[in-house]
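Dear colleague,

Please find below a structure that I am handing over to you.

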Amino acid sequence: MEPDLSKYRLEGDNSMYRLPSGLVTPVVTRAGSESANTADSGGAVRVSGVSAQHTPARRLWFGKVSNEPGYRSVTHHHGEAETGGYVLSGRARIYFGEKFEDYVDMQEGDWVFVPPFMPHIECNLSRNRPLTWMTTRTPENIVVNLPDIADADLRDWLDR
């Protein structure tokens with residue numbers, strides 16, 4: 001079945017992405033040269049591979065987030081940003097809802113969508129293995145930290 005392309009603009013002006021050389025080209029961020037100049041949620045190590053900080057990207061943040069064993073973020077949301085995540089390695093939990101009484105668990109290979117303005121807490125379920133996510137956001141890596149809650153107030157966190 002052919003995709004319906006009628007709703008897409010097939011031609012456009014991408015000159016805003018022109019490099020100093022005058023060319024519009026793919027921009028590669030080489031391993032080890034990612035930007036660590038990102039917002040964080042208390043202890044998550046975020047590096048961007050594609051972002052406005054070091055590429056011509058204007059409406060996309062794409063990076064890798066690493067969490068140490070037993071890590072949990074502070075309470076936060078990502079403002080207007082839609083967030084997509086992929087668990088590259090490890091086991092994750094995201095608390096959400098009123099008083100953060102609900103959660104979803106994920107493992108390697110799982111994908112997650114976090115809606116804009118949704119307060120949540122990201123956790124590494126393992127006490128001895130790191131957790132690594134691939135994360136993308138539009139328009140950028142917005143992190144709004146909120147007043148935190150105690151570990152004891154997170155259902156099933158202390159006895160995981």
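**Aromatic pairs and charges over rings**

Tyr-86 is partly exposed, at 24% relative accessibility; here buried means under 20% relative accessible area, exposed over 50% and partly exposed in between, with a 1.4 Å probe and protein chains only. The model is predicted, so that local features need pLDDT of at least 70 and side-chain atom pairs count only at pLDDT 80 or more, while totals for chains, interfaces and linings use all residues. Residues are numbered from 1 along each chain as its sequence is written, and side-chain values use heavy atoms, with hydrogens and water left out.

The structure holds two aromatic pairs. Rings of Phe, Tyr and Trp (its six-membered ring) pair if their centres lie within 6.5 Å; planes under 30 degrees apart count as stacked, over 60 as edge-to-face and the rest as tilted.

Tyr-86 and Trp-111 form a tilted pair, with 4.4 Å from centre to centre and 50° between the planes. Because Tyr-86 belongs to strand S4 (residues 82–89) and Trp-111 to strand S7 (residues 111–114), this pair ties together parts 25 residues apart in sequence. Strands are DSSP runs (E, at least two residues), numbered from the N terminus. Trp-111 is exposed, its relative accessible area being 67%.

Tyr-95 and Tyr-103 form an edge-to-face pair, since their ring centres are 5.3 Å apart and their planes stand at 65°. Tyr-95 is buried at 0%, whereas Tyr-103 is partly exposed at 23%.

Arg-93 lies over the face of Tyr-103, 3.8 Å from the ring centre. A charge sits over a ring if NZ of Lys or CZ of Arg is within 6 Å of the ring centre and within 35 degrees of the ring normal. Arg-160 likewise lies over the face of Trp-157, at 3.6 Å.

With kind regards

Terms used:
Helix = DSSP H or I, 4+ residues; strand = E, 2+ residues; numbered from the N terminus.
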